[in-house]
Amino acid sequence: MISLFRLQRVFKASQVPRVFHEDSIISGYHPCSSAKDCILSLFQLTNETLNIWTHFLPTWYFLWKLVTVVLVQTAWQDSFTWPLLLFLLTCCIYPLASSCAHTFSSMSPRARHICFFLDYGALSLYSLGSAVSYSAYVFPDKWVNGLFHQWFLTLAVLNTVICTSMSCYSRFPEYQSPKFSKSLRVVAFAYPYLFDNIPLFYRVFVCEGEGCTENDANILHYNHIALAFLTGFLFATHLPERLAPGSFDYIGHSHQLFHVCAIMGTHFQMKAIEEDMRVRRSWLLGHSGPLTWSNTPWPGLFCVLVNFLIILLFSLPLLSGARATKCPGNLQGNPPQRSARPVKP
Ligand SMILES: [Zn+2]
């Protein structure tokens with residue numbers, strides 16, 4: 001029992017292969033451990049521990065919310081609730097995939113790439129969940145049934161394919177062009193987010209007069225938008241650790257803050273969607289097109305399938321061993337003295 005909870009050794013960036021390096025994080029690495037060691041590392045402070053918990057705990061919050069909607073609102077019998085269900089399902093999947101990725105990515109360089117492919121796929125799915133619920137509840141009155149509304153979901157599905165492909169591809173030029181790789185990833189996630197929010201940005205920032213759908217949900221939408229931009233800022237800038245490399249290795253680095261802001265943003269987004277649903281229900285049922293299998297569950301299932309295929313395609317070269325690299329040395333006992341500069345994303 002004592003050996004089960006034996007603390008694992010953690011390493012400095014200069015002691016681990018470059019693939020594991022995070023920008024301006026100098027210590028707290030624990031690469032190449034077994035799956036059991038990865039799970040036990042949840043209870044030991046490494047530079048990944050809080051990344052894991054900041055997404056693992058919220059998974060249960062969103063799952064509780066999903067179960068509540070299913071049981072209390074008898075969602076299966078009411079197709080008006082389906083887009084909310086799909087959105088909540090993606091809100092459970094993305095933090096769960098992220099916490100799993102952060103837990104097991106330290107097993108090997110190959111595992112790291114595949115874990116983050118799955119993480120990116122889940123985020124891409126979340127953008128589809130947002131689009132489906134925005135199409136159903138958030139579009140301003142003026143735009144409901146317009147040309148953009150009619151094509152919105154088709155384009156959102158296409159964006160999911162582009163986002164997953166681009167973000168997975170961004171891991172390949174990581175060594176040769178780290179800046180290009182990071183920029184590609186930022187664009188891959190920012191682009192579907194901005195697209196999904198076109199109707200909302202129009203509604204809360206541009207629209208004037210009749211049909212702008214001003215209601216109590218707007219303040220919640222503002223909170224969500226502010227947190228979403230803060231999330232993007234933290235992801236892109238690596239602040240605060242870039243200002244003081246090594247000072248935030250375990251607590252307070254940008255990725256942890258990025259996780260917390262993303263979850264808070266998703267919480268406000270969920271509340272705003274629920275509020276729009278509540279206050280606009282009768283108007284939407286009378287004026288918007290019907291919510292059916294073709295505009296809620298099918299796009300979701302289609303994107304799950306396509307995302308898995310894309311991830312499989314990007315994983316095949318790694319699984320075949322062409323790009324797989326093994327961890328040099330026994331890092332648990334004798335870390336290799338290999339000098340490696342943290343990659344600047
Ligand atoms: Zn993360």
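Colleague: Leaving aside neighbours within four places in sequence, which residues is Ser105 in contact with?

Modeller: This is a predicted model, in which local features need pLDDT of at least 70 and side-chain atom pairs count only at pLDDT 80 or more, while totals for chains, interfaces and linings use all residues. Residues are numbered from 1 along each chain as its sequence is written, and side-chain values use heavy atoms, with hydrogens and water left out. Ser105 is found in the loop between α3 and α4, where helices (H or I, at least four residues) and strands (E, at least two) are DSSP runs numbered from the N terminus. With contact meaning heavy atoms within 4.5 Å, the partners of Ser105 are Phe20, Glu48, Arg112, Cys115 and Phe116.

Colleague: Does Ser105 count as buried or exposed, and at what relative accessibility?

Modeller: The scale calls a residue buried under 20% relative accessible area, exposed over 50% and partly exposed in between, with a 1.4 Å probe and protein chains only. Ser105 therefore counts as buried, its relative accessibility being 1%.

Colleague: At which residues does UniProt place the feature "binding site"?

Modeller: The annotation comes from an unreviewed entry, and UniProt annotations, whose positions follow the numbering used here and whose feature names are shortened, may be inferred rather than shown by experiment. The entry names His102, His255 and His259.

Colleague: How are those residues arranged in space, and what is the largest C-alpha distance?

Modeller: They are spread over 158 residues of sequence, yet they cluster in space. The largest C-alpha distance among them is 11.6 Å.

Colleague: Which residues is His259 in contact with, leaving aside neighbours within four places in sequence?

Modeller: His255 and His259 both belong to helix α9. His255 counts as partly exposed because its relative accessibility is 22%, whereas His259 counts as buried because its value is 1%. On the same exclusion of sequence neighbours, His255 is in contact with Asn51 and His102, and the contacts of His259 are Asn51, Thr54, His55, Ser98 and His102.

Colleague: What is the relative direction of α3 and α9?

Modeller: Helix α3 (residues 82-104) packs with α9 at an angle of about 170°, their axes 11 Å apart; axes are lines fitted to C-alpha atoms, for helices over the stretch in contact, and angles run from 0 to 180 degrees between N-to-C directions. Angles under 35 degrees count as roughly parallel, over 145 as roughly antiparallel, 65 to 115 as roughly perpendicular and the rest as oblique. The two helices α3 and α9 are therefore roughly antiparallel.

Colleague: How do the residues of the contact of α3 with α9 divide by class?

Modeller: On the α3 side the contact includes Leu84, Ser98 and His102, which meet α9 residues including His255, His259 and Glu274. In the classes used, Ala, Val, Leu, Ile, Met, Phe, Trp, Tyr, Cys and Pro count as nonpolar, Asp, Glu, Lys and Arg as charged, and the others, Gly among them, as polar. The contact residues of α3 with α9 divide into 11 nonpolar, 6 polar and 1 charged.

Colleague: At roughly what angle do the axes of α5 and α10 cross?

Modeller: The contact joins residues including Val157 and Tyr169 of α5 to others including Pro299 and Phe314 of α10. Helix α5 (residues 147-169) and helix α10 (residues 297-319) are therefore roughly parallel to each other. Their axes come within 10 Å, and the crossing angle is roughly 20°.

Colleague: Which residues does a cis peptide bond join?

Modeller: The loop between α8 (217-237) and α9 (254-287) holds Pro240. His238, found in the loop between α8 and α9, has a positive phi of about 55° although it is not a glycine. The cis peptide bond, with omega about 15°, joins Leu239 and Pro240.
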